[in-house]
Amino acid sequence: GDLGQYGIVQQAVLTQVPGSERSAVHAAIAANSAAAIVTAAYEDVISIADHAWRAGTELNPETALELYETAIQRALTRSAYADTAILAEHALQVCRRLPPKPEPLQRQATLWLHLAGAHGILDGQTRPAAAAAVQRAFEIGEHASGRHYHGAVAMQCYMLCVRGRLDEAQALVSGLVAQYAASGDPDIGVSSHFVQVMLHWLRGELDAQEAVAGTMMARFPPPETVADPLVFFHPRVYCWLSLGRALLGDRAGAHRQRRVALELAQSRQAHFDILAAKLVRVEIDAILGVTDGTAAAAEDVYQEMLAAGSPQWAACARMIGVWAQTLSGAGGDRAAAFDAFRAYTRDGSMAMTPFFLALVADIENYHGYVEHAGQLLARAQEVADTTGEHAWDQQLAGRVSAYKS
């Protein structure tokens with residue numbers, strides 16, 4: 001577009017400007033382009049943000065922060081998670097030049113949550129970068145209060161659950177539940193309900209899961225835009241509900257909930273949540289033992305997750321793909337399934353590992369490695385007993401007797 005050509009001319013002009021004056025020129029370009037950032041081509045959005053960064057202290061911090069916040073919204077709608085992480089880091093550096101009053105603090109907490117979300121997708125759900133960003137949102141949010149403080153508590157609980165530390169998450173969420181009971185604040189309510197649904201699902205308390213989810217959906221409408229770092233709460237709850245229905249053997253109900261998750265994510269243009277709902281489709285099939293068409297669907301999700309920059313989530317699809325190929329007699333690479341399991345658990349993630357170990361056990365059992373299959377099931381049950389993640393107990397018990405027969 002025209003702005004692209006304009007960008008090349010700008011760079012040519014800037015090379016003629018003495019170094020001492022360049023920051024001021026970058027600042028002028030960024031300030032003059034700030035209004036265009038909402039509608040500009042995405043490449044130009046990144047270019048304008050780069051000018052803002054190079055301007056340093058020459059650019060008014062309020063102008064710079066608004067510019068970065070808009071650029072982050074544009075990056076999120078394109079699922080550009082690496083860009084989101086860089087923009088959020090730059091925005092947080094600008095925040096240091098703003099007075100520590102509640103409104104800028106709330107904006108900082110939001111930026112830290114965006115940074116946590118991007119790192120969680122790119123590097124793994126429990127990697128230090130993601131955990132540290134959630135911790136910062138939590139610390140800042142305490143002083144600013146506001147919804148993103150409670151959102152940060154919920155994200156901390158979420159990460160604890162992923163690491164298999166369900167009792168610690170339960171202790172944190174109990175505090176949120178008590179706060180919500182005392183205040184009726186919907187921002188506290190939506191966060192506490194989100195984590196309760198996850199905990200009930202992982203523990204295998206499926207009636208309680210559905211009851212809490214029903215209350216959450218009735219009381220708290222989902223955020224309107226992907227720019228809200230809590231936009232994944234509602235679609236993720238529908239994903240967990242769908243897995244709960246699958247565990248009860250209700251295939252139609254499982255896919256009904258999954259479609260709600262997918263449509264909600266699509267309506268918000270939340271690309272990663274769309275992919276999460278696609279992954280859940282093949283997880284439902286694996287829970288129900290359906291291999292027909294599952295390998296091809298899993299391969300599609302695997303490729304899409306890799307393209308989105310999330311090898312950890314891609315690994316989940318890979319395990320299911322190999323499982324479906326193997327059990328349908330269409331080959332299937334045993335080594336790839338073990339590699340994928342290692343990729344999923346590399347950052348210390350524990351959630352759903354009993355399920356994935358069961359799938360790998362099925363692969364081993366199919367190939368006649370019955371003893372190793374039994375060892376994998378025993379390991380899966382150990383994980384469940386250690387963490388309290390009993391959602392898969394029936395799946396594990398069923399396999400123990402099936403392998404022996």
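This briefing covers model confidence, the setting of one threonine, and the cysteines. The model is predicted: local features need pLDDT of at least 70 and side-chain atom pairs count only at pLDDT 80 or more, while totals for chains, interfaces and linings use all residues. Residues are numbered from 1 along each chain as its sequence is written, and side-chain values use heavy atoms, with hydrogens and water left out.

**Confidence**
- The mean pLDDT (the predictor's confidence in each residue, from 0 to 100) is 90, and 93% of the residues reach 70 or more.
- Residues 1-6 have pLDDT below 50, and this stretch has 3 contacts (heavy atoms within 4.5 Å) beyond near neighbours in sequence.

**Thr387**
- Thr387 belongs to helix α19, residues 370-387; helices (H or I, at least four residues) are DSSP runs, numbered from the N terminus.
- A polar atom of the Thr387 side chain lies 2.8 Å from the backbone oxygen of Val383.
- A polar atom of the Thr387 side chain also lies 3.1 Å from the backbone nitrogen of Glu389.
- Leaving out residues up to four places away in sequence, Thr387 touches Gly164, Leu166 and Met350.

**Cysteines**
- A disulfide is a covalent bond between the sulfur atoms of two cysteines.
- The structure holds 0 disulfides (pairs of cysteine sulfur atoms within 2.5 Å).
- Cys161 is in no disulfide, and its nearest cysteine sulfur, that of Cys157, is 6.8 Å away.
- Cys161 is buried, with a relative accessible area of 0%.
- Cys95 counts as buried at 3% relative accessibility.

Note on methods
Helices (H or I, at least four residues) and strands (E, at least two) are DSSP runs, numbered from the N terminus. A polar contact is a pair of N or O atoms within 3.5 Å; within protein, one must be able to donate a hydrogen and the other to accept it, and residues adjacent in sequence count only if both atoms are side-chain atoms. Buried means under 20% relative accessible area, exposed over 50%, partly exposed in between (1.4 Å probe, protein chains only).
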